[in-house]
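Let's take a friendly walk through the strands of this model. Have a look at the structure below, and then we can go through its pairings.

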Amino acid sequence: MSEMPRKAVSRTARLAALPLSFAGRATLGLGKRLGGRPAEEVAAELQAQTAEQLFATLGKLKGGAMKFGQAMSVFESALPEDVAGPYRAALTKLQESAPAMPTRTVHAVLSADLGEGWAENFRSFSDQPSAAASIGQVHRAAWKDGRDVAVKIQYPGAGDALLSDLSQLSRLARMLGPLIPGVDIKPLIAELRERVTEELDYRLEAESQQLHAREFAGDADILVPRVVAQSGRVLVTEWLEGKPLSQVVSDGTRAERDRAGQLLARFLFAGPSRTGLLHADPHPGNFRLVKTGRGSASWKLGVLDFGTVDRLPGGLPRPIGTSLRLALAGDAGAVYDLLRQENFVRPGISLDPDAVLDYLLPIIEPTRAEQFTFSRPWMRTQAARIADPRSPAYNLGKQLNLPPSYLLIHRVTLSTIGVLCQLGATVRLHEELLRWLPGFAEPEADRAD
């Protein structure tokens, strides 16, 4: 399909057919096993076919379907290795590409939002998109002053498609949940739905990107393209060359992986501190490793797509840093008191502070060491511990609450950790927390707050 399917009935039918297809494929697999084929061979074949169909469908539909697929893709490292393989290739396809809009549609949007003489703004304009994502696609062009630019054009009907898809996916959450153990699908979809209006507003995106571009101008580590123009469903920014993080994940050198991981962690914590905004869409397609010199220390992290942000005027909440520091110090009582104060433990719920600390320590292990190597096995261990109903961590986790003000921060942090595990990066996370996270290095501030 080359055009974005917009009719709710058509899109809903495609999504609703997925569970039926999965069930039919499982029945076929049972028949093959009864016919004498090895169970492992049949299972691998079914996983590959299921992954291909699921993410091909999400990618073709774009809209909320693809947005959901991209959000899930960063949790791929939590899957057991025998299951992850078939999903990995299919997920990667979602991070950088999707079927393109016809040229006539592209020109119609440009004409409507930049004016009939839109072409006069450009020295050249490529009708072939360089990237396509959930609600828009990007074309490379040369602006009238000679600068290379990226022209982001929103798909017609993107808003209706987003809402329709996310409503349908919410109804399918129970079916889709087993794809990523340890991740509660329904709240993820609800949170994506809440952000729809903001993400469709390219004016807000331009403001967020320009704020980051000004703050990180001349920065030694982070590079954000400046906004050139914005009108309606069109956003023009400076072009950013570099190696997509999805490629670093698939074939990057050790130096590339470690540098990308370090800078990704730095941006996660430095961004809110320096701009009051949290970039809230941390899948690999939104980042580039930009080589500005010969040594790895000169490589920068290029950051794209500021359509979804969390507004944090004071930076990340101080209780996050304070509770992390207290947990690392083994002060179970103080951690429990702070979690109760912030409503992570609801009124009327009574938990053992030592059990809460035991639940937290494995998760925050990367914050303790001078440096930590993130990996898929580590991520799988954490996911299995929390998702296994036989685990004490599972039962305790069900009694904890996630306050609405922390919801997006939690998802972004988990997603970033997922990307670090995909990279297999060795990161000096403790160093970044000391520098950027309020409360992590300030014990004297505990009583003042």
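Which residue in β10 does Lys-243 stand opposite? Lys-243 faces Leu-289 in β10.

## About the model

This is a predicted model, in which local features need pLDDT of at least 70 and side-chain atom pairs count only at pLDDT 80 or more, while totals for chains, interfaces and linings use all residues. Residues are numbered from 1 along each chain as its sequence is written, and side-chain values use heavy atoms, with hydrogens and water left out.

Helices (H or I, at least four residues) and strands (E, at least two) are DSSP runs, numbered from the N terminus. Two strands pair if DSSP finds at least two bridges between them.

β8 and strand β10 (residues 287-291) are antiparallel partners, with two bridges. They belong to an open sheet of four strands, ordered β5-β11-β10-β8, with mixed pairing. At its edges are β5 (222-223) and β8 (243-244), each of which pairs on one side only.

Helix α12 (residues 254-275) lies across β5, β8, β10 and β11 (299-303), at about 55° to β11. Such angles run from 0 to 180 degrees between N-to-C directions, using axes fitted to C-alpha atoms, for helices over the stretch in contact; contact means heavy atoms within 4.5 Å.

## Strand β4 and its partners

In strand β4 (residues 148-154), six of the seven residues are buried (under 20% relative accessible area, 1.4 Å probe, protein chains only). Strand β3 (residues 136-143) runs antiparallel to β4, joined by seven bridges, and Arg-140 stands opposite Ala-150. Their hairpin has four residues between the strands, and Gly-146 there takes a positive phi near 100°.

β4 also pairs with strand β7 (residues 234-238), antiparallel over five bridges. Here Val-149 stands opposite Glu-238.

Note on methods. Buried means under 20% relative accessible area, exposed over 50%, partly exposed in between (1.4 Å probe, protein chains only).
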